[in-house]
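Q: Please show me how to read this model, one feature at a time. Where should we begin?

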Amino acid sequence: MENLVKNSIKSEAAFRHEFYLSLLLIIIGFQIGETSIQKTFLILSIISLQLTELLNKVLESNSNIIIFNNSHLLKNAKTIGTTSIFIAIGGAFFTWIFILF
């Protein structure tokens with residue numbers, strides 16, 4: 001997992017930007033949350049988003065290697081990965097909105 005994070009930060013600019021933004025949001029989450037439960041929800045929503053990004057990266061890289069004959073399964077795997085990221089972003093967004101307002 002550690003090598004995956006290091007390689008993703010070095011090789012992918014989008015992941016690097018998301019990672020630095022996540023660090024900033026985690027710091028802000030510590031300061032914005034009034035109770036320990038609010039702080040936990042704010043921070044875990046951002047951490048779950050990053051974990052989903054990493055799992056999607058692993059899914060896509062493995063599916064490109066393993067499934068080379070069946071493009072339908074490859075398309076489904078990439079769609080599921082993209083959908084999981086969308087759900088994680090939505091969850092983080094609504095968590096922050098509900099706690100802030």
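A: Begin with one side chain. Phe 93 has a relative accessible area of 48% and is therefore partly exposed. Buried means under 20% relative accessible area, exposed means over 50%, and partly exposed lies in between, with a 1.4 Å probe and protein chains only. Note that this is a predicted model, where local features need pLDDT of at least 70, side-chain atom pairs count only at pLDDT 80 or more, and totals for chains, interfaces and linings use all residues. Residues are numbered from 1 along each chain as its sequence is written, and side-chain values use heavy atoms, with hydrogens and water left out.

Q: How many aromatic pairs are there?
A: A pair of aromatic rings is described by the distance of the centres and the angle of the planes. Rings of Phe, Tyr and Trp (its six-membered ring) pair if their centres lie within 6.5 Å; planes under 30 degrees apart are stacked, over 60 edge-to-face, and the rest tilted. The count here is 4 aromatic pairs. Take Phe 93 and Phe 94: the ring centres are 5.4 Å apart and the planes stand at 70°, so this pair is edge-to-face. Phe 94 is partly exposed, at 46% relative accessibility. Elsewhere, Phe 15, Phe 19 and Tyr 20 form one aromatic cluster.

Q: How many helices and strands does the chain have?
A: Helices (H or I, at least four residues) and strands (E, at least two) are DSSP runs, numbered from the N terminus. This chain has 4 helices and 0 strands. Along the sequence the pattern reads α-α-α-α. The C-alpha atoms fill a box of roughly 55 × 25 × 20 Å along the principal axes.

Q: What should helix 2 span?
A: The expected span is 1.5 Å times one less than the number of residues. Helix 2 (residues 13-32) has 20 residues and should span 28 Å; its end C-alpha atoms are 28 Å apart, which agrees.

Q: Which residues of helix 2 are buried?
A: Phe 15, Ser 22, Ile 26 and Gly 29. These residues cover an arc of only 65° around the axis, which puts them on the same side of helix 2. The arc is taken from the directions from the helix axis to the C-beta atoms. The face turned away from that buried side carries the exposed residues His 17, Ile 27 and Gln 31.

Q: Which residues make up the largest nonpolar core?
A: In soluble globular proteins, nonpolar side chains tend to be buried together. A nonpolar core is a set of buried Ala, Val, Leu, Ile, Met, Phe, Trp, Tyr and Cys residues joined through side-chain atoms within 4.5 Å. The largest one here has 6 residues: Ile 26, Leu 42, Ile 43, Ile 46, Ala 92 and Trp 96. Helix 3 gives the most, with 3 residues.

Q: What does Leu 42 touch?
A: Contact means heavy atoms within 4.5 Å. Leaving out residues up to four places away in sequence, Leu 42 touches Gly 29, Ile 32, Gly 33, Thr 95, Trp 96 and Ile 99. Thr 52 lies in helix 3. At 16% relative accessibility, Thr 52 counts as buried. With the sequence exclusion applied again, Thr 52 touches Ser 84, Ile 85 and Ala 88.

Q: What share of the 101 residues counts as buried?
A: The buried share is 26%. As for contacts with a separation of 6 or more, residues 24 or more positions apart account for 61% of them.
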